[in-house]
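Let's read a protein structure together, one feature at a time. Keep the picture beside you as we talk.

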Amino acid sequence: MHQVLEKPKRQVPVCAPVLDGREREYLLDAFDSGWISSGGPYVDRFEQAWAAHCGVEHGVACCNGTAAIHLALKALNIGPGDEVLIPAFSLIVSASMVHLAGARPVLVDVRPDTWCIDPRRIREKITSRTRAILAVHMYGHPCDMTPIQTMARKHGLSVIEDAAEAHGARYQGKPVGSFSDAACFSFYGNKIITCGEGGMVVTDRADVAERLRLLRNQAFGSVRFVHEEVGFNYRLTNLQAAIGLAQVELIEQKTERKRRIAARYDELLKDVEGVRRPVETPGCRNVYWMYGIVLEDAFGRTKEEVMAALAERGVETRSFFIPMNQQPVFDGRDPHRLDLRGRYPVSEELGARGLYLPSGEGLTAEKQAYVVEQIKGLSV
Ligand SMILES: Cc1ncc(COP(=O)(O)O)c(C=O)c1O
C-alpha cells in the first residue's frame, strides 16, 4: 500500500506573475482587433515604452530573452573566430548563444558580493580575438558598468548587457539597458515585466536596430523573398506585446514591491548565522528579481538539505545557477563539445551554496515570516 503523504498546509511558490494592471483590457483589445500575430500596434507601443524606460532610442521586441542575446550577437557581427567574455556564473544561455553565433565564450569569474562579472578579472582574458563583453546583471543587481565600459573602449570591444533579471535596476542613476551597444531583456513568466514569453533588445545605435529588425524577421530584404543573409523567426506577437505594455506601465510599482520584499527578508534574516544576504553596492539600485542567499558553513546545513526541508514545508526555492565550467555540455569530451573547464572559485562557491527564496511580487509579509521561520528552524 502506498503511503499518502500529506501536503503541507501552506504553499509558498518561488514566484508567480502578478497581472494587476491593464493586461486583460489590452489583450482583449488586441484580440478583438484581429491583430493576433506579429503585426499590430501593441508591438510598436511595447517597443517604444520599454526603450523609453531604458532611456535609449530603439527597442526591437522578439520571442524570448535567449533569442534577444542571439540577435544582439548577430547584429554586432560577432561570429566564427571571435571571442566573447561572459561570466562563469550565469544561466547557460550566456555561453550557448555565443556558441550558436559561432563565436567562442571565454569565462570570467564573478564578484563575491554582487555575483556579477568581475571587472578586475576581465583584462587577463582579453586576446586579439576578443570582440565583446557580455555583462549579465545578476538576480537584479547591476554589473559594475564603468570599468567594463572603460575596458571595452580601450580594447575596441562591444558591450552587450543581459538585463533579463534586472528590469528597472539602475547604475549611477541610469537604467540598465543604457550602458551597451545592445541590451537584452527576457519577459518570461517569472520576470519583473512579463509577456508570458517574450524578449527585447534595446539600443541607441540606429545601425544595430536596423540589423536586429532584419534578422528577427528571416532577413527579408527590400525585394520580397530575396535574402542576402541568414535570419530567424524571432518575432513577438501583438497579443504578448499587449500584456507586456500593461506591465511596463507598472514598472516602478513592481520594482518597489520587489525592494520591499528584499528589505523584509533582510530584516528577518539579519541575525541568522551563516546566511549571506544579497547586497546593494553604492550607486546601484538592486531590484532583487530573486532574493538569493548563500549558506556558509556556520549555518550547519547544505543547500540541498535546506531546499529539501523547505520543500517538505511547502516552501519552493531554486538553486543558484551551476557555473559554466561545471556544465557537462561544456566538458570538451569530444571535438564537437566546447571545453570551458577551469577554476572559477567564486562562481563555484555560489553554485554550491546559493539558492533563492520565494520572491514573487505578490508575496505577503505573513508568508515571508513563515519562510524565514522555517529557515531558522533548520539552522544548527
Ligand atoms: C540572465 C538570463 N539571461 C537570459 C535568459 C533567457 O530568457 P528567456 O527564458 O526569455 O529565453 C534568462 C532567463 O530566463 C536569464 O535569467
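**Reading the fold step by step**

Q: Which domains does the domain assignment of the protein give?
A: This is a predicted model, and its domain assignment gives domain 1 (23–248) and domain 2 (251–378). The C-alpha centres of domain 1 and domain 2 lie 24 Å apart.

Q: How many residues does each domain bring to the contact?
A: Domain 1 gives 31 residues to the contact and domain 2 gives 32 residues. On the side of domain 1 that touches domain 2, α4 (93–100), β3 (104–108) and β6 (170–171) supply at least two residues each. That side of domain 1 is made of 18 nonpolar, 9 polar and 4 charged residues.

Q: What is the order of the strands in the open sheet of 7 strands?
A: Here is the general idea first. Strands of a sheet pair through backbone hydrogen bonds, and they do this either parallel or antiparallel. In this case the order is β1-β9-β8-β5-β4-β2-β3, and the pairing is mixed. Because β1 and β3 stand at the edges with a single partner strand each, one side of each has no neighbour in the sheet. From one strand to the next, the twist averages 25°.

Q: In what sense do strands β5 and β8 pair, parallel or antiparallel?
A: Strand β5 (residues 158–162) pairs with strand β8 (residues 182–186) in the parallel sense, over 3 bridges. To find one of the partners, look at aspartate 162, whose bridge partner in β8 is cysteine 184. Helix α6 (residues 206–216) packs on the sheet and touches β1, β8 and β9 (199–203). The direction of α6 makes about 15° with that of β1.

Q: What is the order of the strands in the open sheet of 4 strands?
A: That order is β10-β12-β14-β13, with antiparallel pairing. The edge strands, β10 (275–276) and β13 (318–319), each pair on one side only. Between β10 and strand β12 (residues 291–295) there are 2 bridges, and valine 275 stands opposite leucine 295 in β12.

Q: Why is helix α7 largely enclosed by the rest of the structure?
A: Of the 11 residues of helix α7 (residues 238–248), 11 are buried, so the helix is largely enclosed by the rest of the structure. The buried residues of α7 pack against α1 (23–33), α2 (41–54), β1 (58–62) and α8 (251–269).

Q: Which residues surround the ligand?
A: Among them are Asn64, Thr66, Leu91, Asp162, Glu165 and Tyr188. Sorted by class, the shell around the ligand has 5 nonpolar, 5 polar and 2 charged residues.

Technical notes:
Residues are numbered from 1 along each chain as its sequence is written. This is a predicted model: local features need pLDDT of at least 70, side-chain atom pairs count only at pLDDT 80 or more; totals for chains, interfaces and linings use all residues. A residue is near a molecule or strand if its C-beta atom, placed from the backbone, lies within 6 Å of it. Ala, Val, Leu, Ile, Met, Phe, Trp, Tyr, Cys and Pro count as nonpolar, Asp, Glu, Lys and Arg as charged, and the others, Gly among them, as polar. Domain bounds come from an automatic or database domain assignment. Two residues are in contact if their C-beta atoms, placed from the backbone, lie within 7 Å. Two strands pair if DSSP finds at least two bridges between them. A residue is buried if 20 or more other C-beta atoms lie within 10 Å of its own, exposed if 12 or fewer, and partly exposed in between; C-beta atoms are placed from the backbone. Axes are lines fitted to C-alpha atoms, for helices over the stretch in contact, and angles run from 0 to 180 degrees between N-to-C directions.
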